[in-house]
Amino acid sequence: MTIVFATNGPIQPREAIDLLHEGAFTRPMDDESRVQRMFDNGSFVITARDEGRLVGFTRGITDFAYQCLIAEVVVAKTHKGAGVGKELLRMAREAAGPEVNLVLNSSAEGHAFYEHLGWEPVPRAWRIPRFH
């Protein structure tokens, strides 16, 4: 297993949708053009591929000055525990820059992972859900 990581490398909506489905992410995945817009309008995307197959990605939305929202960290079940998520986040930190706070929303499953990496929980957050 040789994982190749790339910043802003090509990613197709269908392969991202398949990986998001595998991880039970709740994203608007019935519309490939909307998923494409998620990538087109993000600040950066970092991909992980194993023999060309997408096995992980993270997407950041940032001002490159103060704040970066990590929109998702997705790793194929077959590659969990192999350091893929850790490397995706290390590269996200690098892409966003040293002055920037990284912030993300986590599933319950991810709490131990982020804590293990030294992320701090943020007790205050608010949202207005999307219409659809």
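Phe64 is found in the loop between E3 and E4, where helices (H or I, at least four residues) and strands (E, at least two) are DSSP runs numbered from the N terminus. The model is predicted, so that local features need pLDDT of at least 70 and side-chain atom pairs count only at pLDDT 80 or more, whereas totals for chains, interfaces and linings use all residues. Residues are numbered from 1 along each chain as its sequence is written, and side-chain values use heavy atoms, with hydrogens and water left out.

Phe64 has a positive phi of about 60° although it is not a glycine, and at 43% relative accessibility it counts as partly exposed, the classes being buried under 20% relative accessible area, exposed over 50% and partly exposed in between (1.4 Å probe, protein chains only). A positive phi, near 50°, is also found at Glu51, a residue of the loop between E2 and E3 that counts as exposed at 79% relative accessibility. Most residues other than glycine have a negative phi.

The secondary structure of the protein chain comprises four helices and five strands, which follow the pattern β-α-α-β-β-β-α-β-α along the sequence. The radius of gyration, taken over C-alpha atoms, is 14 Å, close to the 14 Å given for 132 residues by the globule rule (2.2 Å times the number of residues to the power 0.38), so the chain is as compact as a globular protein of that length. The C-alpha trace spans about 40 × 35 × 30 Å along its principal axes. Of the 132 residues, 37% count as buried, and among contacts (heavy atoms within 4.5 Å) between residues at least 6 apart in sequence, 59% join residues at least 24 apart.

Leaving aside neighbours within four places in sequence, Phe44 is in contact with residues including Phe64, Cys68, Ile70, Ala92, Ala95 and Ala96.
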